[in-house]
Amino acid sequence: MLAALHRHLMTAKYPAKDREFVKCRQVLERKARALRKRGHGKRPNATKALAGQDEEQLWKNCVLSEKNPKSLLYTLWYLLTLHFGLRGCQEHHEMFVEDFSFNKDDQGTEYVTFEENPTKTRQGGLRKKRRAIQPKMFATGGPRCPVQFFKTYLAHRPEEMRNSGPFYLAIIEKPKSEVWYKKQRMGVNKIDSFMKNMALEAELDVEGRKLTNHSVRKTLVKKLKASNQPRSAIIGVTGHTSERSLADYEEGDEAEQRQISSIISSPVCQQAQNSRSVLSSLPIQQNHTATPACQTVVHHFHGCQVTINYGAGVGVFQQSSN
């Protein structure tokens, strides 16, 4: 804000200099320190990503499945958030079936693409920013194939709304036919409570963690980072405008941190033993040709002479110019 004010004054030819804001910045700095001493700024309520066992528990307890209207809708919401890097609520609520399309790659593998509506960072208009890379949700086969779940959901919508209309429809609690959903859009607050309800139904251990719809988006970043994907590839999926925007998604690699803690906590003698075991496991190139205890080899090159003395497996180089 101070920088913007300074730019405005400079544009208006007002004789203001940056040093005139020094006292103001000092006051803000003291205020920030006082707030931190009171415990603010630690973000205790920040959303956490799902752990690997959390996701497996969601599938194991059939919270993610196609057995009933609610679990199928949960599954579509979860898979679309992961594969397209969507935000947990508003983007989903504004979706239409027409935003999706089916295609096949050169190998004949089917995939789904999504042309998103304007969002917080891509608001449309004359300066509409499109994603640099359009994410694709490929068919993977097996019981967790995302494309198959997508088709199953479309098949359970009202017939006249299978190819058009709002994507998320209100649930028929006890369907008496293959139509599982009503002809009305699901409310935004209902979608916003998906992750909270899923955690309760799967009996996830959420002690000390805050799981919200945004947790799935953070899980996406965590998964891609764990597989050593570059930041440029990650923002291609999440749709962030820059790599710096991923700073709020940094939670660290728990496996690496666990290993570091183990190394720090282990006794010194055990650390030395581990180092020796690592060295002994390294491949050593054996030379089975008998080598004299000491050997001198003189090589003559144009303009110089190089002498190599071999002894006890160590080569000593000497160079002399002619």
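I started with arginine 33, which is exposed at 52% relative accessibility (exposed means over 50% relative accessible area, buried under 20%, partly exposed in between, with a 1.4 Å probe and protein chains only). The model is predicted, so I kept in mind that local features need pLDDT of at least 70, that side-chain atom pairs count only at pLDDT 80 or more, and that totals for chains, interfaces and linings use all residues. Residues are numbered from 1 along each chain as its sequence is written, and side-chain values use heavy atoms, with hydrogens and water left out.

The side chain of arginine 33 forms a salt bridge with that of glutamate 29, at 3.3 Å from N to O (a side-chain nitrogen of Lys or Arg within 4 Å of a carboxyl oxygen of Asp or Glu). Both sit in helix 2 (residues 22-37), and because they are four residues apart, about one helical turn separates them. I took helices (H or I, at least four residues) and strands (E, at least two) as DSSP runs numbered from the N terminus. Glutamate 29 is partly exposed, at 40%.

**Other salt bridges**

I found eight salt bridges in the structure. Glutamate 55 and lysine 223 meet at 2.9 Å, N to O. Glutamate 55 is buried at 12% relative accessibility, while lysine 223 is partly exposed at 40%.

I also looked at lysine 151 and glutamate 110, whose closest N and O atoms are 2.8 Å apart. Here helix 6 is tied to strand 2, and the residues are 41 apart. Lysine 151 is partly exposed, with 34% relative accessible area.

Next I went to an open sheet of three strands, order 1-2-3, with antiparallel pairing (two strands pair if DSSP finds at least two bridges between them). Strand 1 (100-104) and strand 3 (136-138) are the edges; each has a single partner strand, so one side of each lacks a neighbour in the sheet. The twist averages 30° from one strand to the next. Strand 1 and strand 2 (residues 110-114) are joined by five bridges, and phenylalanine 102 stands opposite valine 112 in strand 2.

Helix 4 packs on this sheet, touching strand 1, strand 2 and strand 3, and its direction makes about 120° with that of strand 3. For such angles, axes are lines fitted to C-alpha atoms, for helices over the stretch in contact, and the range is 0 to 180 degrees between N-to-C directions.

**Helix 4 and the core**

Of its 49 residues, Leu80, Phe167, Tyr168 and Met198 touch the most other members. Helix 4 gives the most to this core, ten residues.

Phenylalanine 167 has contacts (heavy atoms within 4.5 Å) that include Leu76, Leu80, Phe100 and Phe150, leaving out residues up to four places away in sequence.

Threonine 81 lies in helix 4 (residues 69-84) and is buried at 0% relative accessibility. Beyond neighbours within four places, threonine 81 contacts Leu86, His92, Val216, Arg217 and Leu220.

**Whole chain**

Conventions
Core = buried A, V, L, I, M, F, W, Y, C linked by side-chain atoms within 4.5 Å.
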